[in-house]
Amino acid sequence: MLKIIRLSLLLIVLCGIVYPVAMTGLAQTIFPSQADGSLVKNSDGKVVGSELIGQNYKSPQYFQGRVSSIENNGASTGSNNYAPSNEDMLKRTEDSIKVLQKENPELDKKDIPLDLITNSGSGLDPHISVRAAEFQAERVSEKTGIKKEELLAMIKDSTTNRSLGIFGEPHVNVLELNMKVQDVME
Amino acid sequence: MGVLQMVIVILLLLLIVKPLGSYIYHVFSNKSNKTDKVFAGIEKIIYSISGIKERPGMTWKKYTMSLLLTNIVLVAVGYVILRLQKWLPLNPSQIDNMESTLSFNTIVSFMTNTNLQHYSGETGLSYFSQMSVIMMMMFTSAVTGIIVAIAFIRGITSKGATIGNFFEDFVKGHTRLLIPMAVVVTLVLVGLKVPQTLDGTIQITTLEGEKQEIATGPVASLVSIKHLGTNGGGFFGVNSAHPFENPSPLTNVIEILSMWCIPAALTYTYGRFAKNQKQGWVIFGAMAILFIAFLSLIYISESNGNPAMNAIGLSSEQGSMEGKEVRFGMAQSALFSTVTTAATTGTVNNMHDTLTPLGGITPLSLMMLNTVFGGDGVGLVNMLMYAIIGVFICGLMVGRTPEFLGRKIEPREMKLITIALLAHPLIILGPTALAFMTELGKGAISNPGFHGISQVLYEYTSAAANNGSGFEGLGDNTPFWNISTGLVMLLGRYVSIIALLAVAGSLVKKQPVPETIGTFRTDNILFVGILVGAVLIIGALTFLPVMALGPIAEYLSIR
């Protein structure tokens, strides 16, 4: 029995303290910026967010991200976990569609990029699809006066392709894109 | 493109199976080999500090007893840490002590390799608890599972009275397998932007001038062992959907392979021990067939979109995006969900509660079957249990005493196997029914209609299979859920471990019967079919009725 207690305590120290602390030390030495959460600075050198954490964009001059039931509060995480049959989810979707149709009365529902009107899994999704970004270019162009072609070029710049050309889907980093918009406006 | 990316990941797995399976064999074969040079020194220190002088072979009773006592000691220490975390070091976000039933649930959850989380990591645990309880148990519980498999394999492939030394196996599982692998995967993940820091929550002013708080911490060191140990408990509440836990499709592939590789490679290890590689490939083949069938179901269903959304007139081109992340898309989400429930890890990169009704059948079924790769170690043991059931059924059909690997399967073994086999549905269906009979259970349901049935069913299935994922809308942090799922996890883990080690203990003592022309072979394609059939028929007979009440009824209502 004594052997068991001693071995257990030793493993707690080894796996529960030595391992994570050693890993933190190594990670901080080899990859300091990644280990600290990939923070992004603006042109003045001020930290404006993490490239991996979505933000709220209320004003229409910015590109909008995914729906987030927690309003991109990075201190917690989550979503409403709506079932596919949940009426509240369908109502939220209808409301989002109405907002988009108000901006653009001729909009066909079939043309709405689905990722713009659905809640991401994490509630912090920093990305949107390329189509969702291009879909908003018209509005952002109107509100900011930046030419649509210029915006499309910025979108292309902020797009990450599939990993190794195979895995996942192409995605646009919304914070990176909006920082470009902000730079031009200033 | 979607199908291609899934095929490539499966091919990558195939490349890993042989080298990793051989390596695990060498670690546990107890013959001197190359790995001794690197690790024997460290192990010597561990043995001497722990006071372990000799390491003789143990009978199954001694082995099981040592295993259970070690788990009990770890549970006791871990429980105390959770209850006192407020006053312990490394608590930069000043998190309070954990409540008693939640602590019970959490500690059982991690010791049983389940990782059902009724708390949210960023607000419920200090960094010290994340490290000394959560990460520690992610190692120890996984090694416990792996060495159960090794002991079981020794039981059915060797002769004598003993099935190995628990202490030696337990230490080697850490020093030669999981710790080195976790170190490598952690560093790769940090390189790919998973944070690893002991600083507290970051405060930021966003582009629009709002305040944003970003929780962070020693994430990478947890995410690596979370997958390698088929644990599944996330650093954050949303697990591997969180961009810090899983920043890109590339990290997604690494995490998939991390949780898949050991359960898959153990089939090869089994072949090495059995001195007949075909035996291992038969087990792997049966697992792979079931895996691909369920993967196809979820991928097709999710790609076709949510029928209710399609009915509004929305395009289904992107698939069902509710609860999923843009960077992963349908293929990487569907594959992740299938692997996490096949290998009973329970980490998620999309919200399973939001899966389309037919898509949701895949994770539920894989946890109900609990043998398609399965958690580290226990999955292989469960599949070998079905193999013995397979030869038993075939033996009945031809009227011969069934044999497996040259040992007669007799009433004692079949009784023990029946206990292990029946415990699983009993602890799923019983508590599910109980939950519906009380307000304590029904009150937790967040989605109305048939989906509510699926939510409760999913919770107990996940607990019983020691998976740990959830239909997370369920309001499950109440004493009722904490205690009931805690008990289900304990029974789900230890009943089958004890019963199957007892089977190993009785098989190891049997006189091998010589192979004759009449021997029923377990190393050919026919037996793959028998295995798949046994798993599917027993699974369907047990669970089809309740499936019809949940996901199938929901599908019919929104189709």
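## Exercises: a helix pair and a chain

B:Phe291, B:Phe294, B:Leu295, B:Ile298, B:Tyr299, B:Glu302 and B:Ser303 in H10(B) touch B:Met330, B:Ala331, B:Ser333, B:Ala334, B:Leu335, B:Ser337, B:Thr338 and B:Ala342 in H12(B). Contact means C-beta atoms, placed from the backbone, within 7 Å. Helices are DSSP runs (H or I, at least four residues), numbered from the N terminus, and strands are E runs of at least two.

This is a predicted model: local features need pLDDT of at least 70, side-chain atom pairs need 80 or more, and totals for chains, interfaces and linings use all residues. Residues are numbered from 1 along each chain as its sequence is written, while chains are lettered from A and ligands numbered from 1 in the order written.

**Exercise 1.** Describe how H10(B) packs on H12(B).

*Solution.*
- Take helix H10 (residues 277–303) and helix H12 (residues 329–342), both of chain B; their axes lie 9 Å apart, at an angle of about 140 degrees.
- Axes are lines fitted to C-alpha atoms over the stretch in contact, and angles run from 0 to 180 degrees between N-to-C directions.
- So H10(B) is oblique to H12(B). Oblique is what remains after under 35 degrees (roughly parallel), over 145 (roughly antiparallel) and 65 to 115 (roughly perpendicular).

**Exercise 2.** Give the elements of chain A and their order.

*Solution.*
- Count: chain A has six helices and five strands.
- Order: the pattern reads α-α-β-β-α-β-α-α-β-β-α.

**Exercise 3.** State the extent of chain A along its principal axes.

*Solution.*
- The C-alpha atoms fill a box of roughly 75 × 45 × 30 Å.

**Exercise 4.** How many residues does each chain bring to the contact between A and B?

*Solution.*
- Chain B gives 100 residues and chain A gives 84 residues.

How values were computed
Two residues are in contact if their C-beta atoms, placed from the backbone, lie within 7 Å.
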